Amino acid sequence: MSMQFPIVHIKNLPFSHNPKDLYTLMGQFGNIQEVRAPTSNSNTSSIDVRGQAFVTYTTLKAANLAVEKLSGFNYHGRYLVVRLYNPDPHVVRQLAEEAK
């Protein structure tokens, strides 16, 4: 079961990136529903999330366009890794079972 969501996972962001700049950059490709992007100033429980962001678009078309155009894009001296978010299939299956 392959499901696609209009969620883009961005890696290799500078730790001190400006969320407003990221929103402006990502907004070029479609309407954004939500941006989750911890910064170095965030109170995060895990260092592993720094340098990453999740952007939820209103359409899959916009998410695919962002991935196509921004993969390898130089953003403040760092080359972005941009992919569609793929949820864990086990979690999706479990949620589907619970919804029945």
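## Salt bridges

Arg36 is exposed, with a relative accessible area of 54% (buried is under 20%, exposed over 50%, partly exposed in between; 1.4 Å probe, protein chains only). The model is predicted: local features need pLDDT of at least 70 and side-chain atom pairs pLDDT 80 or more, while totals for chains, interfaces and linings use all residues. Residues are numbered from 1 along each chain as its sequence is written, and side-chain values use heavy atoms, without hydrogens and water.

The count of salt bridges is 3 (a side-chain nitrogen of Lys or Arg within 4 Å of a carboxyl oxygen of Asp or Glu). Arg36 meets the side chain of Glu34 in one of them, at 2.8 Å from N to O. Glu34 is partly exposed, its relative accessible area being 32%.

Glu68 and Lys69 form another salt bridge, with 4.0 Å between the closest N and O atoms. Glu68 is exposed at 57% relative accessible area, whereas Lys69 is partly exposed at 48%. A salt bridge also joins the side chains of Glu97 and Lys100, at 3.6 Å from N to O. Lys100 is exposed, and its relative accessible area is 76%.

## Aromatic contacts

The structure has 1 aromatic pair, made by Phe54 and Tyr85. The ring centres are 5.6 Å apart and the planes stand at 85 degrees, an edge-to-face arrangement (Phe, Tyr or six-membered Trp rings pair with centres within 6.5 Å; planes under 30 degrees apart are stacked, over 60 edge-to-face, the rest tilted). Phe54 belongs to strand S3 (residues 53-57), and Tyr85 to the loop between strand S6 (81-84) and helix H3 (89-99), so the pair ties together parts that are 31 residues apart in sequence. Helices (H or I, at least four residues) and strands (E, at least two) are DSSP runs numbered from the N terminus. Both partners are partly exposed: Phe54 has 32% relative accessibility, and Tyr85 has 31%.

A charge also sits over a ring: the charged end of Arg50 lies 4.2 Å from the centre of the Phe15 ring (the rule asks for NZ of Lys or CZ of Arg within 6 Å of the centre and within 35 degrees of the ring normal).

## Strand S1 and its partners

Strand S1 has 4 of its 5 residues buried, so the rest of the structure largely encloses this strand. S1 pairs antiparallel with S3 over 4 bridges (pairing needs at least two DSSP bridges), and Ile10 stands opposite Ala53 of S3. S1 and S6 also run antiparallel and are joined by 4 bridges; here Lys11 stands opposite Val81 of S6.

## Nonpolar core

The largest nonpolar core has 21 residues, of which Val8, Ile10, Leu22, Met26 and Tyr57 touch the most other members (a core is a set of buried Ala, Val, Leu, Ile, Met, Phe, Trp, Tyr and Cys joined through side-chain atoms within 4.5 Å). Two or more residues each come from strand S1 (7-11), helix H1 (19-26), S3, helix H2 (60-70) and S6. H2 gives the largest share, 5 residues.
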